[in-house]
Amino acid sequence: MKTTANYRFLNWARNESCVAKNYFQPETEEEIIQIVTTHPKIRVVGTGHSWNKICLTEDVLVNFDNYNKVLHLNKQALQVKVQAGIKLWQLNEYLDKQGLALKNLGSIAKQSVAGAISTGTHGTGINYQILGSQIEEFSLIKADGEKIIINREHDKDLYQMAIVNLGCLGIISEVTLNIVPAFNLHDETYTAKFEDVINNLDNLVNTTDHFKLWWFPHTDEVVVYKYTRTQAPVNDSRLRQWFMDELISVNAYRLLLKIGGINRNWRKNINRQLVQNFIKPLNRIEKSYKVFNVPEPPLHRETEWAFDITQAKSLLREYNNMINASAHRINFIQEIRFTKADDFALSPCYQRDTLWLGVYNADNFGWNELLADFEVMAQRYNGKPHWGKEFKSVNKEFFQRAYPLLANFNLLRQNFDPGNKFANDFILKIFED
Ligand SMILES: Cc1cc2nc3c(=O)[nH]c(=O)nc-3n(C[C@H](O)[C@H](O)[C@H](O)COP(=O)(O)OP(=O)(O)OC[C@H]3O[C@@H](n4cnc5c(N)ncnc54)[C@H](O)[C@@H]3O)c2cc1C
């Protein structure tokens, strides 16, 4: 097992860091159990793709980059069993070679499977729940070193309680996912007027398998993404993807962000240029995971909140008006996605079909003010923040109101981890000790 003393952890967005006394990278379950039974304070980190302090510790930090194998594929049952540290991209590539795929994905695949589950990571599509809903079974190493197996059917209540777990119930060791035969997506991307899209929102959301919007603030246009599941053959060219999606779009975007960093007042025009001249309509068919995942974005700040879908139109209009009437100058897309209600205790989509509004900004300039203003509005609309992204104005009382099963989850946490071995400051700000 690789061990590093005084390890400096820096998250993907480079806005959070810590120095852990010991950093362990186990390769076997025995090593994981040994770490758990010999240390009083532990946090696990996947790939550090969370924007907040969820992974921080000054004690032991455990990483599963070397615990990332596919353990078993059952083609008949359409299930794959993996070690918890496998990255979504590794799993995508493995499954693709077998003619299989994950049912739904988020925008990138750099995360570890366990990290993505633990924070309630989601994609888009009103008939699709958060990614954790694809899990059939997982094993958890509790604070005393005992391994328990949680199965979707046999341990229904425990499963619903533990799927979104913020890394504070124990260490997820092995995960079995339900998978599907490989499929393609028909990707129709185009720009449209913000108000036209909002007027037609119900129809677009309900008639599209996977629907999302990218909105450049200070413009009245949005980029519409409609993905339809299909078995029709791929017709997109790798050369086009490399040239347009990776070379031109990514680099032009990064350049324009830099220019907008010089003078904030240029941002409105830059956003307009981006929507009008750089986003080209697309009509293509490509493998599912290549469409779900977008090229890695430039570093940026990010918050994302989940709202009851019935409030989507009024919320989006109010957010648009708020931005236009304010001094905020946002230089990054805002992302609007949809997911189906679920029954997971700590899921922001608990018992409500959900609209996700992602508020992003490329630099720190004005970020705290934007976050504060947005959170006032988000709380008024009974929103719930994504567990892996930034949030500031919320406290224990907020979480108790927002999550009817929070106290039950906390009882489970205290039962599995009576000594707060897995609880860092982030966790103790959410739950009663
Ligand atoms: C560029 C970018 C794009 C993103 N896109 C999306 C998106 O499309 N949709 C979305 O919903 N989110 C998205 N996110 C957020 C991201 O999916 C979540 O923050 C996710 O949790 C990160 O996974 P990770 O492996 O980096 O976990 P980390 O951030 O390292 O850890 C997250 C949590 O998982 C816990 N954990 C990790 N491994 C284990 C384990 N083995 N056992 C127990 N607990 C564990 C950690 O303790 C921590 O509590 C994005 C983030 C970035 C940076």
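## Report on a predicted protein chain with a ligand

Among contacts in the protein chain between residues at least 6 apart in sequence, 73% join residues at least 24 apart; two residues are in contact if their C-beta atoms, placed from the backbone, lie within 7 Å. The structure is a predicted model, in which local features need pLDDT of at least 70 and side-chain atom pairs count only at pLDDT 80 or more, while totals for chains, interfaces and linings use all residues. Residues are numbered from 1 along each chain as its sequence is written.

**Overall form.** The protein chain contains 14 helices and 19 strands, taken as DSSP runs (helices H or I, at least four residues; strands E, at least two) numbered from the N terminus. Its radius of gyration, 21 Å, is close to the 22 Å that the globule rule gives for 433 residues, so the chain is as compact as a globular protein of that length. This radius is taken over C-alpha atoms, and the rule is 2.2 Å times the number of residues to the power 0.38. Along the principal axes, the C-alpha atoms fill a box of roughly 60 × 45 × 40 Å. Buried residues account for 44% of the 433 residues; a residue is buried if 20 or more other C-beta atoms, placed from the backbone, lie within 10 Å of its own.

**Domains.** The domain assignment, automatic or from a database, gives domain 1 (70-182) and domain 2 (184-385). Their centres, taken over C-alpha atoms, are separated by 26 Å. The contact takes 24 residues from domain 1 and 27 residues from domain 2. On the domain 1 side, α2 (88-97) and α4 (156-162) are the elements that give two or more residues.

**Ligand shell.** The ligand is surrounded by 32 residues, the closest being Gly46, Gly106, Gly115, Gly167 and Gly388; a residue counts if its C-beta atom, placed from the backbone, lies within 6 Å. Elements giving two or more residues to this shell are β3 (42-45), α3 (113-118) and β10 (171-178), and α3 gives the most, with four residues.

**Nonpolar core.** The largest nonpolar core has 112 residues, of which Val62, Val113, Ile171, Val175, Leu355 and Leu357 touch the most other members. Such a core is a set of buried Ala, Val, Leu, Ile, Met, Phe, Trp, Tyr and Cys residues joined through C-beta atoms within 7 Å. Not counting residues up to four places away in sequence, Val175 touches Val82, Ala84, Val113, Ala114, Ile135 and Phe138.

Note on methods. Buried ≥ 20, exposed ≤ 12 C-beta atoms within 10 Å, placed from the backbone.
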